[in-house]
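Trainee: I have a fold open on my screen and I'd like to learn how to read it. Could you walk me through it?

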Amino acid sequence: GVFSGKAASATACEPVFLFTGQGAQAVGMGRDLFDVEPVFRETLERCDALLRPHMSAPLLEVLYPRNDDDANAARLINRTEFAQPVLFALEYALAELWKSWGVEPVAVMGHSLGEYVAAAVAGLFSLEDALRIVAARGRLMQEAPEGGAMAAVFAPLADVEAVASAYPALDVAGVNGPENIVLSGDAGSLDQALA
């Protein structure tokens, strides 16, 4: 077939920044940018300074450890209390770098932790407030008991609430639609409720 139409111009592309959630972190990520890009480095250093009162280990030491103990470094960066501030700072620094190159997003989006980065990049709250919130979120999530689970339940909210009320360890965690409910809580209770 033959297609005709207007060719896309260089101005037709409008960038959107999309920020990931926890799980994408790795020791040393962004190190090359840190070493050669002043905007990236200065933003990470600013985040590190702002996070010092809110973290039990310095952000830059978690991200770029000085020793060669890879197993310990990986264990540390994968603890939620560190992973979330590290990812936030790295993603925010990356956005600042792109913006310093003249790439301004027309929209920002994020998944989970990335939503906080998107909100800060969009100017919904200051970097200081965002870092304080993210550090607290990471600490609280780290302290939460393990063994929880979630399930999407395709039933009316009233029905799901009736089932959940029989299990004190379960709660409705989200209502995504009229018959698209998220139930969460103790894994064993959730298994019993869904059986």
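Trainee: What pattern does the chain follow, read along the sequence?

Mentor: First, a caution: this is a predicted model, where local features need pLDDT of at least 70 and side-chain atom pairs count only at pLDDT 80 or more, while totals for chains, interfaces and linings use all residues. Residues are numbered from 1 along each chain as its sequence is written, and side-chain values use heavy atoms, with hydrogens and water left out. Helices (H or I, at least four residues) and strands (E, at least two) are DSSP runs, numbered from the N terminus. Here the order is β-α-α-α-α-α-β-α-α-β-α-β-β-α, with 9 helices and 5 strands in the chain.

Trainee: How does the radius of gyration of the chain read against a compact globule of 195 residues?

Mentor: The radius is taken over C-alpha atoms, and the globule rule is 2.2 Å times the number of residues to the power 0.38. That rule puts a compact globule of 195 residues near 16 Å, but this chain has 21 Å. Along the principal axes, the C-alpha atoms fill a box of roughly 60 × 55 × 35 Å.

Trainee: And what percentage of the residues count as buried?

Mentor: Buried means under 20% relative accessible area, exposed means over 50%, and partly exposed is in between (1.4 Å probe, protein chains only). Of the 195 residues, 34% count as buried.

Trainee: Why are Phe88 and Tyr92 separated by about one helical turn?

Mentor: Because they are 4 residues apart in helix α5 (residues 80-100). Phe88 is buried, with 0% relative accessible area, and Tyr92 is buried too, with 10%.

Trainee: Where does Arg31 lie relative to Tyr64?

Mentor: A charge sits over a ring if NZ of Lys or CZ of Arg is within 6 Å of the ring centre and within 35 degrees of the ring normal. Arg31 lies over the face of Tyr64, at 4.7 Å from the ring centre.

Trainee: How many disulfides does the count come to?

Mentor: A disulfide is a covalent bond between the sulfur atoms of two cysteines. The test is a pair of cysteine sulfur atoms within 2.5 Å, and the count comes to 0. As for the cysteines themselves, Cys13 counts as exposed at 67% relative accessibility, whereas Cys47 counts as buried at 0%.

Trainee: Last one: is Ser184 buried or exposed?

Mentor: Ser184 counts as buried, because its relative accessibility is 17%. Ser184 lies in strand β5 (residues 180-186), and its contacts beyond four places in sequence include Ala149, Met150 and Asp171.

Technical notes:
Contact = heavy atoms within 4.5 Å.
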